[in-house]
Amino acid sequence: MPGTALEMEPVEPQSLKKLSLKSLKRSLDLFSPTHGHVAPPDPESLKVWLTLQVAMEYKGIKSTNDIPKQGNPRGQEPAAPSNALALPGPEGSRDQGKGVSENALVVGPTLQSRGKNEGGLPGKSTTVIPASSSSSRNFSTSAIIERIPSRWPRPEWHAPWKNYRVISGHLGWVRSIAFDPSNTWFCTGSADRTIKIWDVASGKLKYTLTGHIEQIRGLAVSTRHTYMFSAGDDKQVKCWDLEQNKVIRSYHGHLSGVYCLALHPTIDLLLTGGRDSVCRVWDIRTKMQAYALAGHDNTVCSVFTRPTDPQVVTGSHDSTIKFWDLRYGKTMTTLTHHKKSVRALARHPTEHSFASASAENIKKFNLPRGEFLHNMLSQQKTIINAMAINEDGVMVTGGDNGSLWFWDWKSGHNFQQAQTIVQPGSLDSEAAIYAASFDLTGSRLITCEADKTIKMWKQDENATPETHPVNFKPPKDIRRF
């Protein structure tokens, strides 16, 4: 009306909570009239649903949901699915389950589906999965399945090892070690270019042999002759006559430093590997090279031999292990399990197996085929230069950081972690262990280290399984690589 002002109703201030409640009420009013009613049938969606059913039956999976029968519309009331596992369902569901295979597992809710008379929609579908399928691990039975105990072998108890003697005498890093077959003396090669022979029982120096002009990385004492063999960074491989204490032969052929050395146990053959990526096989009587085992792409830094095939096994900086056939001088197998340089190999003295050490892991393999057995259950987290195994099933590994770890061979359990102590006057960084070897009885261990010392270890006589219990947990997941 003209002349009169339109009166506005006062708007009360409303909180956010009240506004949200109002919007909830509006949505409830919007959907409450159709709540509990079945949606009208849609011919297009029915066609899609039938296509899905055909596809599921084709894959071997059937649904016990309300399958439309001939003449029945989609919305009619279905028979309730059976709740039982491997048991017959209720009377009304017998005809419905005729198409389901007998050896089927029912996975789904265990409550009866509500009908329309209760005001709800038909219940969820219960999926039937054949027992032969890969999904047979159903959650409804996992609680009653008996737990299978771990098949991982239990470790044997071993007494802890302790250092009982430190021998100093070399003027450089001690790089290699070899024992005499009579177990009365051992020899060590060093970066001071000398070979020293020591008494095992007393640790006293017997002889010093000179002749190399670079550090000596490999030593071996023959069980068939009174010979000792040495190899070093000066590309030279020498044969020493221990009765005269002098060099009687030199084997020329390596193009660079020689890093490892091994003697064949039954034939007069010597094997040397070096930076020229070749493992050379020498006839020790004639100074002739019998074979040049070529195939590695990098330095050959570890080798061992055995009397039967494969007679030669080499590890290299190219992270592979090769088995060689000595009759033809060719590769039999190449193991590519490692990711880093294989710097140490050790053969078990009695079993047909060996271990290989790399910076990422220590792995155990079977012989003669080279099947991978398992990884050791701990990681040393350092470059491993030395490894040795005795007949009691104790394996020892020495690392660049001075760590000396002792393992149970059968189970791969690490039962002791020792740390070498550098001799006074040396740097802490000179704690590396370059070589390790058990004596012939397996009761003494000798390590050669970067602090110019030789350390001798033995088992603690006072230790018992009660004072040093085995703290072992079997692995949950056994990784192949």
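Okay, so before anything else: what we have on screen is a predicted model. Let me start with the overall picture. The protein chain has 481 residues, and 44% of them count as buried.

How many strands does it have, and in what order do they run? There are 4, ordered S17-S18-S19-S20, and they pair antiparallel in an open sheet. At the edges you find strand S17, residues 300-305, and strand S20, residues 330-335, each of them pairing on one side only. On average, neighbouring strands here are turned by 25 degrees against each other, if you ignore direction. Now look at S19, residues 321-325: it pairs with S20 in the antiparallel sense, over 5 bridges.

Next, a serine. Ser222 is in the loop between strand S9, which is 216-221, and strand S10, which is 227-232. Is Ser222 buried or exposed? Its relative accessible area is 7%, and because anything under 20% counts as buried, Ser222 is buried. What does its side chain reach? The backbone nitrogen of His225, at 3.1 Å. And setting aside its neighbours within four places in sequence, Ser222 is in contact with Pro181, Tyr227, Phe229 and Leu263.

Searching the whole structure gives 13 aromatic pairs. One of them is Phe229 with Tyr251: the ring centres are 6.5 Å apart and the planes sit at 40 degrees, so that pair is tilted. It links distant parts of the chain, with Phe229 in strand S10 and Tyr251 in strand S12, residues 246-251, the two being 22 residues apart. As for burial, Phe229 is at 0% relative accessibility and counts as buried. Tyr251 is buried too, with a relative accessible area of 1%.

Then Tyr251 carries us on to Trp282. Why is that pair called tilted? Because the planes are at 50 degrees, with the ring centres 5.8 Å apart, and the tilted class is what remains between under 30 for stacked and over 60 for edge-to-face. Again the pair links distant parts of the chain: Tyr251 in strand S12 and Trp282 in strand S15, residues 278-283, 31 residues apart. Trp282 is buried as well, at a relative accessible area of 0%.

Elsewhere there's an aromatic cluster made of Phe304, Phe323, Phe354, Phe365 and Phe372.

The charged end of Arg175 sits over the ring of Tyr434, 4.1 Å from the ring centre. Arg217 does likewise with Tyr259: its charged end sits over that ring, 3.9 Å from the centre.

Technical notes. Residues numbered from 1 in each chain as written. Predicted model: local features only at pLDDT ≥ 70, side-chain atom pairs only at ≥ 80, totals over all residues. Heavy atoms only, no water. Pairing = 2+ DSSP bridges. Axes fitted to C-alpha atoms, helices over the stretch in contact; angles between N-to-C directions. Buried < 20%, exposed > 50% of the residue type's maximum accessible area, 1.4 Å probe, protein only. Polar contact = N/O pair within 3.5 Å; in protein donor to acceptor, adjacent residues only side chain to side chain. Contact = heavy atoms within 4.5 Å. Phe/Tyr/Trp six-rings, centres within 6.5 Å; stacked < 30°, edge-to-face > 60°. Lys NZ or Arg CZ within 6 Å of the ring centre and 35° of its normal.
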